[in-house]
Amino acid sequence: MSNKQARVPRPVEEERIALKARKVSFSWEDTPLHWVPGDPFATHTINVLHLLLPAGERWFVHVYKQVLPYIRDERLREDVIGFIGQEAMHSQAHDEVLPHLKELGLDPTPYTAQVDWFFEKLLGDRTLPPGRARRWWLMERVALIAAIEHYTAFLGDWVLNAEELDRRGADPTMLDLLRWHGAEEVEHRSVAFELFMHVDGSYRRRARTWALAFTALVFLWQRGARFFMENDPTLLEGKASFRAFYVRGRRGVLPSTEDMLRSIPRYLSREYHPSQEGSTEQAVAYLASSPAAVAALAAEKGAK
Ligand SMILES: [Fe+2]
Ligand SMILES: [Fe+2]
């Protein structure tokens, strides 16, 4: 145990931010179907977030509530509670985009039903006896969340810096949703990994669950993008392809394939710590200026 922990690299930033959920809300009525103008594929590839995150982040919260009794460090417990509050808010904010997509003729229900099954049944609680088996399944899911959070932080950092989306006139409300969420992902990027290292920390489990998380994300994402492209009422022959993804990555309207590939060995390195990725300073600066986060803060102050 002590050997294992000695190998854990320390965070690169020592300052600690108390994590709090910001109660944001967004008005979608002016957001067009193709909110990256003239680029349905980039729009829908990013839209897959609205399909995956409501169920996915609800699942994070569900698993983390079960792991709270295993935490023996007060500061980490506070971080996990702050993380739970933020993820619950993210899940709700993305869920609220779905009725708007439906109004625009793109009913996401057939796909979200599959995603719900994935998180609630496949990755849900199993009827396991208390003891080793139940703990094993809980630790497996805690490790999976740490691997997924490597990607949410990666995407958060990407969207905070995706100036090409601004240049192309992407819808400001959608950009604010993505950047508010992305900034909170960067802000809390160390919590899931630190929790995993605290309650388990096995390298084999980290590597195994990374492979599972990566495979599942690629599978669900390409299916989601294909679903949106094929069901988009304005497209005659909407198709999604890896080539389309690769090209958008080069243009800067989607994450680049090279950057995504380079992020793999970083997570698998024994020296990895999430604080090495992204910038807390940039995330906090965005949250201080995000229209939705500023409005949430003003509403909070008004209520006091
Ligand atoms: Fe989130
Ligand atoms: Fe997160």
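The structure is a predicted model, in which local features need pLDDT of at least 70 and side-chain atom pairs count only at pLDDT 80 or more, while totals for chains, interfaces and linings use all residues. Residues are numbered from 1 along each chain as its sequence is written, and chains are lettered from A and ligands numbered from 1 in the order in which they are written. The protein has an average pLDDT (the predictor's confidence in each residue, from 0 to 100) of 93, and 95% of the residues score at least 70.

**Confidence**

- Helix α7 (residues 163-167) has the highest confidence, at 98, and helix α1 (residues 2-6) the lowest, at a mean of 43; helices are DSSP runs of H or I with at least four residues, numbered from the N terminus.
- Over residues 1-6 pLDDT stays under 50, and the model has two contacts beyond four places in sequence for them; a contact means that two C-beta atoms, placed from the backbone, lie within 7 Å.
- Where pLDDT is low, the predicted coordinates should not be read in detail.

**Helix α6 and its partners**

- Helix α6 (132-160) packs with helix α10 (residues 203-231) at an angle of about 60 degrees, their axes 8 Å apart; axes are lines fitted to C-alpha atoms, for helices over the stretch in contact, and angles run from 0 to 180 degrees between N-to-C directions.
- That angle makes α6 oblique to α10, given that under 35 degrees counts as roughly parallel, over 145 as roughly antiparallel, 65 to 115 as roughly perpendicular and the rest as oblique.
- The contact of α6 with α10 has 10 nonpolar, one polar and three charged residues; Ala, Val, Leu, Ile, Met, Phe, Trp, Tyr, Cys and Pro count as nonpolar, Asp, Glu, Lys and Arg as charged, and the others, Gly among them, as polar.
- With helix α8 (residues 172-187), α6 packs at about 130 degrees, again with axes 8 Å apart, and the two are therefore oblique.
- The crossing of α6 and α8 is left-handed, with L155, G156 and V159 of α6 and L178, G182 and V186 of α8 among the residues in contact.

**Helix α9**

- The axes of helix α3 (residues 74-95) and helix α9 (residues 191-199) come within 10 Å and cross at roughly 135 degrees, in a left-handed crossing.
- L76, D79, V80 and F83 of α3 meet V191, E194, L195 and H198 of α9.
- Seven of the nine residues of α9 are buried, so this helix is largely enclosed by the rest of the structure; buried means 20 or more other C-beta atoms within 10 Å of a residue's own, exposed 12 or fewer, and partly exposed in between, with C-beta atoms placed from the backbone.
- The cover over these buried residues includes α2 (40-67), α3 and α6.
- G201, which follows α9, has a positive phi near 80 degrees.

**Two single residues**

- W117 lies in helix α5 (residues 109-122) and counts as partly exposed, with 13 C-beta neighbours inside 10 Å.
- R251, in helix α11 (residues 242-251), is exposed, with 12 other C-beta atoms within 10 Å.

Conventions. Left-handed = near helix turned anticlockwise from the far one by under 90°.
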